[in-house]
Amino acid sequence: MIPSYIYAVLWYILAAYLIYMAIKETRFFFVPAAFFVFLGTWALVDLFIEPDLMSGVYGWIYRGVALVVLIICAVWYFLKKKSGS
């Protein structure tokens, strides 16, 4: 089984890459970068506190934030695709 702190490191690495891409390509990449920072922080905090942040009410908050970001990214993608860029 993979230790939980590896997930936090993975999310932070992906966030750093997306921040780099946002500076280089388009500023929209700041949205998923902020989401990956959220995921990394959530995974890191989950290691150090007693309640399980991946289940119960906290799990639904986690899924809700993921759903909102997914919808924002999907709408942006389809609008970009529709405009022909």
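Which residues lie nearest the centre of the largest pocket? Ser4, Tyr7, Ala43, Asp46 and Met54 do. The views below set that pocket among its helices.

This is a predicted model, in which local features need pLDDT of at least 70, side-chain atom pairs count only at pLDDT 80 or more, and totals for chains, interfaces and linings use all residues. Residues are numbered from 1 along each chain as its sequence is written, and side-chain values use heavy atoms, with hydrogens and water left out.

**View 1. The whole chain.** The protein chain has three helices and zero strands. Helices (H or I, at least four residues) and strands (E, at least two) are DSSP runs, numbered from the N terminus. The order from the N terminus is α-α-α. The C-alpha trace spans about 50 × 25 × 20 Å along its principal axes.

**View 2. Helix 1 against helix 2.** The two axes lie 8 Å apart, at an angle of about 165 degrees. Helix 1 is therefore roughly antiparallel to helix 2. Axes are lines fitted to C-alpha atoms, for helices over the stretch in contact, and angles run from 0 to 180 degrees between N-to-C directions. Under 35 degrees counts as roughly parallel, over 145 as roughly antiparallel, 65 to 115 as roughly perpendicular and the rest as oblique. The crossing is left-handed: the near helix is turned anticlockwise from the far one by less than a right angle. Residues of helix 1 that meet helix 2 include Trp11, Leu14 and Leu18. On the helix 2 side, Phe36, Gly40 and Leu44 are among them. Contact means heavy atoms within 4.5 Å. This contact holds 19 nonpolar residues, three polar and no charged. Ala, Val, Leu, Ile, Met, Phe, Trp, Tyr, Cys and Pro count as nonpolar, Asp, Glu, Lys and Arg as charged, and the others, Gly among them, as polar.

**View 3. Helix 2 against helix 3.** Helix 3 covers residues 56-83. Its axis and that of helix 2 come within 10 Å and cross at roughly 165 degrees. The pair is therefore roughly antiparallel. This crossing is left-handed. The contact divides into 12 nonpolar residues, no polar and no charged.

**View 4. The largest pocket.** Its volume is about 170 Å³. A pocket is an open set of points on a 1 Å grid over the protein atoms alone, where a 1.4 Å probe fits, with protein on both sides within 12 Å along at least five of seven lines. Lining residues, 10 here, have an atom within 4 Å of a point. Grid points are joined across faces, edges and corners, and the volume is the space filled by probe spheres set on the points. Helix 1 (4-24) and helix 2 (30-48) each give two or more residues to the lining. Eight lining residues are nonpolar, one is polar and one is charged.
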